[in-house]
Each structure stands twice: as structure tokens, then as C-alpha cells.
Amino acid sequence: MNERTVAGFLPSVNGFHIANAWPSGPTVHIGPFDPRAIGIGDAANGLCGGMVYTVGDLFAAGVAMRADHEVPANGSPQFNAIVRRQVESLAFLSVPVRFWLRSALGGSLGGDRARATFEREWPKARALLDAGRVAMIGLIRMASANPRNLTRNHQVMAWGYAEDGRGVTLRLYDPNWPDRDDVTITLQLDPALRPTGLSQSTGEPLLGWFVLPYSPADPRAWR
């Protein structure tokens, strides 16, 4: 068994104590125009990317997580900071494109999402975690070519891993499950080290995952 965790990080300590469950409201304002009129920008769709990136920023800066158990009010400095990181987590829309390609067409290796996860994405995540850095992860939840289903996918943070020849397990901060240190995703392997399936400990569907681009930013709204 080979195990590694990022020193000093625990979701119950460093993660938000609020769930990724936001009241309906615009995440951005375009003058008097509410972008929800065209089906985008509703906080009720979730701000998982902004939440995990903000947690990464706070941890990198050594800033303690606030003890709040209620989501920041729409328009507050903290809400706006999470939204800003949500937008930045999309990497100029390249991340939604990656989600769509994997949801619609499968993995990048012959349409096999599990194989692509193991052969291409797992080495990237392991390198980050071995270096003592958290890894931002995009979870592919469903197979669909409909872009409206992109919001069913998810963004989380990996803070540790274990591998034993039978599978690879990532330990997660998942903003859908606040204050939980036991959330994991596992990629099962057969004796020939061929992927056979993926699962999440909390029961949500999982078809594959990939490493997201991330660089820490100054969490000024939280100081």
C-alpha cells in the first residue's frame, strides 16, 4: 500500500463548513440584464469550482477558514470572490469543453474514460500530491452530448491518495459534503492493472475524472 496526504490539510478544518447549495440568484450582473434569462449564471446551479479553488487559495496562504455555517449573501465580498474563482476555474471555457468531450465522446484513449483516467490523469494527480500540493479534479458524472447536462459534472479537490495494485483511491474535499474527511473516489483495477470501473464513496455516479489547471490566488476577501 502506497499512501500520501498533503500535510496540514483536512476538509473538516480547511474546507467550507457550508454545502454547495446556493439560493437562486445571478452570479454576475450585466448592467440591468439578468443573465439567468438565457439560462446561465444562476447560483442555484452550484459554485463547486469557486469553492474548491477558494479553499486551495486559503490553504496555500495559511488563512484559516471562517466558521460560517451559512452561505455568503449574494453580492457580498465573499460571494463575489467565490464567483470570481468559479469563472477562473473554467480556464477561458476550456474546462467546460473538456467536460463535454469526455461526457459526449468518452476518454481521450479510444473512448475509454476509465483508461484515460488511469493512464493520463492519475500520474498528473499523483505528481501534485507527491509534491505536497492539492490537486483540483473534474468529475465526469454522466455520458451525454447535451451541453445543458454539463452542470451535472462536478469539481472537487484531492488532498491524498492510496494505491495498492487493486485500485487507486483519491481522498477528496467535496463541497457537496462539507466537514467530511472520509469522501473518496476509487478507480478499480484488475490483476493486469487494467481499469474496470470507478466509484465515489458517497454513491454518486462516476465515469472518469481529470486534473484541472490551478494556481493559488490571493484570498483577499477572506483576510
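The secondary structure of the protein comprises five helices and seven strands, where helices (H or I, at least four residues) and strands (E, at least two) are DSSP runs numbered from the N terminus. The model is a predicted one, in which local features require pLDDT of at least 70 and side-chain atom pairs are counted only at pLDDT 80 or more, whereas totals for chains, interfaces and linings use all residues. Residues are numbered from 1 along each chain as its sequence is written, and side-chain values use heavy atoms, with hydrogens and water left out.

Along the sequence, the elements follow the pattern β-α-α-α-α-α-β-β-β-β-β-β. The radius of gyration, taken over C-alpha atoms, is 17 Å, close to the 17 Å that the globule rule gives for 223 residues, so the protein is as compact as a globular protein of that length. The rule in question is 2.2 Å times the number of residues to the power 0.38. The C-alpha trace spans about 60 × 40 × 25 Å along its principal axes.

Of the 223 residues, 47% are buried; buried denotes under 20% relative accessible area, exposed over 50%, and partly exposed the range in between (1.4 Å probe, protein chains only). Among contacts (heavy atoms within 4.5 Å) with a separation of 6 or more, 64% involve residues 24 or more positions apart. The protein exposes about 10,700 Å², of which carbon and sulfur atoms supply 55%; accessible areas were computed by the Shrake-Rupley method with a 1.4 Å probe, and for residues only the protein chains shown count as cover.

Strand 5 (residues 184–189) and strand 6 (residues 195–200) run antiparallel and are joined by five bridges, pairing being assigned if DSSP finds at least two bridges between two strands. Within this arrangement, Gln188 has Gly197 of strand 6 as its bridge partner. Five residues lie between the strands of the hairpin.

Most residues other than glycine have a negative phi. Leu193, in the loop between strand 5 and strand 6, has a positive phi of about 60° and is partly exposed, with a relative accessible area of 44%. Ala91, in the loop between helix 3 (77–89) and helix 4, likewise has a positive phi, near 50°, but counts as buried at 19% relative accessibility.

Helix 4 (residues 94–105) contains Leu101, which is partly exposed at a relative accessible area of 36%. Together with Val97 and Leu105, Leu101 makes a nonpolar surface patch of about 270 Å². Patches are made of residues with over 30% relative accessible area and no salt bridge, like charges being joined within 9 Å and nonpolar side chains (Val, Leu, Ile, Met, Phe, Trp, Tyr) within 5 Å; a salt bridge is a side-chain nitrogen of Lys or Arg within 4 Å of a carboxyl oxygen of Asp or Glu.
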